[in-house]
Amino acid sequence: MHRQNRITLLCLLLTLSACTSTDRTTLTTSGPTHFISQGTRINLPTIETGKRPEWLIRDHHDYPRNDFYSVTAQDNNAEAAAKKAYADAIKLLQPTNNANQIDALQAQIKIVSLWSDDKNYHALAVLPRQQSVAFLYSQLNNLDATTQATVTALNTTEDPLQKIGLLQTAIERQQLRAAYQKSLKKIDPAKEGRESPWDTRRWSLEVAALLKNLRITPVMVPTPSNPTALTDTLKQGLENAGLRPARKFEADYVLTGTLHIEEKTLASGYTQAIGHLNLTLQDDKQSRSYGVKNWQLEATSLSADGAKERMLNKARRLLKQNQRETIIGIATQPTERLAE
């Protein structure tokens, strides 16, 4: 009888041992990880083992569907699994890595369960459903309001480049809106959200048509550190973008570039050439600047001439690339009236 009791007690201890947990800990991120800001503190629950938890296939009993939205993730490391689940929850509220103010909601995202099987750790994150839905609807409202203001501004300008900038801004806002709408369809119990009232495909076609008709004169101005002629290279880049390089007397805009080169000797004895490449887009009278695009290029060689030539080759390749994104990027910058 005593032997049987000892066997029963031993089996009980083995069973409890199979369900042991590590102490509750707090994970503090040391750098931005999967949309998680540096220094974010994530409270980790005890790590459970043993029987597969029900929350892997259905709602956690303490966090019912009507009140919470659940996110699960797994990894062969417990902290990594928790980070993944936490980050996936954040991405529902912040679908791009822009710095939206979700601090109040982020504080309510919790890792509520961690379970380990023989190979991986599984983490469960929950976020409050009603507050999340309200937040996502507010983002839709804000983006629709700013888009409407942009559409209204389109009717007040005849400048093709400004139209491109406004259209592109509206497109990007509605692309962000689409990401929020996708999250809303997941979290909102109605699974509907609210569709956009605008057709961004039509705007994209308008941008393409406006770009095709821009008449831009490319000019690369020689500098004391770089007398190399690069205007033809920039012209090729505009042509590769499907744009119309124009002679100065027939142009509506002037795209002016400069390349300044500096050299320095490294501790290894090699020479490093550093190129500062700038493109500025102005109107044909050069009284208005639409914006500037900057690049820093670097190349290293045993000789100064070799480093400079390598850096120039990088500049040539960059200028020959499709300049469509450069023009659109500049067009979305605020314009500046220059002193006449």
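In this predicted model, helix H4 passes helix H5 in a left-handed crossing. H4 covers residues 129-154 and H5 covers residues 160-187, and their axes come within 9 Å and cross at roughly 165 degrees. Angles over 145 degrees count as roughly antiparallel, and H4 and H5 are therefore roughly antiparallel to each other. As for composition, the contact of H4 with H5 draws on 15 nonpolar, 9 polar and 6 charged residues.

H5 takes part in a further packing, this time with helix H9 (residues 324-331), where the axes lie 8 Å apart and the angle is about 90 degrees. An angle from 65 to 115 degrees counts as roughly perpendicular, so this description applies to H5 and H9. On the H5 side the contact is made by Leu-161, Ile-164, Gly-165 and Gln-168, which meet Ile-327, Ile-328 and Ala-331 of H9. Of the residues in this contact, 5 are nonpolar and 2 are polar, with no charged residue among them.

The contact of H7 with H8 comprises 2 nonpolar, 4 polar and 2 charged residues.

Turning to the strands, an open sheet is built from 4 of them, in the order S3-S5-S6-S4 and with mixed pairing. The edge positions belong to S3 (47-48) and S4 (68-75); each has a single partner strand, so one side of each is left without a neighbour in the sheet. For S3, strand S5 (residues 110-116) is joined through 2 bridges, and the two strands run parallel. Glu-48 has Trp-115 in S5 as its bridge partner. In general, strands of a sheet pair through backbone hydrogen bonds, in either a parallel or an antiparallel manner. Helix H2 (residues 78-93) lies across S3, S4, S5 and strand S6 (121-128), and runs at about 140 degrees to S4.

The mean pLDDT of the protein is 84, with 83% of its residues at 70 or more. Over residues 1-24, however, the pLDDT is below 50, and this stretch has 14 contacts in the model beyond near neighbours in sequence. Where pLDDT is low, the predicted coordinates should not be read in detail.

Definitions and conventions. Residues are numbered from 1 along each chain as its sequence is written. This is a predicted model: local features need pLDDT of at least 70, side-chain atom pairs count only at pLDDT 80 or more; totals for chains, interfaces and linings use all residues. Side-chain values use heavy atoms; hydrogens and water are left out. pLDDT is the predictor's confidence in each residue, from 0 to 100. Contact means heavy atoms within 4.5 Å. Two strands pair if DSSP finds at least two bridges between them. Axes are lines fitted to C-alpha atoms, for helices over the stretch in contact, and angles run from 0 to 180 degrees between N-to-C directions. Angles under 35 degrees count as roughly parallel, over 145 as roughly antiparallel, 65 to 115 as roughly perpendicular and the rest as oblique. A crossing is left-handed if the near helix is turned anticlockwise from the far one by less than a right angle, and right-handed if clockwise. Ala, Val, Leu, Ile, Met, Phe, Trp, Tyr, Cys and Pro count as nonpolar, Asp, Glu, Lys and Arg as charged, and the others, Gly among them, as polar.
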